[in-house]
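Subject: Structure for your review

Dear colleague,

Please find the structure below, followed by a short account of what was found in it.

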Amino acid sequence: MNGIEHKAHLQNIVAEQTKLSQEITQLNSLLVSKREVFTKYQGIVEYLTANGVTLEEEEAAAATEVVTESQED
């Protein structure tokens, strides 16, 4: 490869790296937003549970399963 090909290759790599950086920033922003909503929902669940609101055992098991799966990610 000559110098021109190396330069073009470097330009392509830098462009792809910049694109990935922007995508990561967007995903992190989305993650923060989703985490905030999850935390609010968790607070509502805790409030309602503390005030005696309950679910059927099947519903409670399904809700716990979803929470456990999302926390592992």
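Why does Ile-44 count as partly exposed? The reason is its relative accessibility of 46%, since partly exposed lies between buried, under 20% relative accessible area, and exposed, over 50% (1.4 Å probe, protein chains only).

This is a predicted model, in which local features need pLDDT of at least 70 and side-chain atom pairs count only at pLDDT 80 or more, while totals for chains, interfaces and linings use all residues. Residues are numbered from 1 along each chain as its sequence is written, and side-chain values use heavy atoms, with hydrogens and water left out.

Ile-44 belongs to helix α1, residues 3-50 (helices are DSSP runs of H or I, at least four residues, numbered from the N terminus). Helix α1 has 48 residues and spans 69 Å from first to last C-alpha, close to the 70 Å expected (1.5 Å times one less than its number of residues). Just after α1, Gly-52 adopts a positive phi of about 90 degrees. Of the chain's 73 residues, 0% count as buried.

Yours sincerely

Definitions and conventions: Helices (H or I, at least four residues) and strands (E, at least two) are DSSP runs, numbered from the N terminus.
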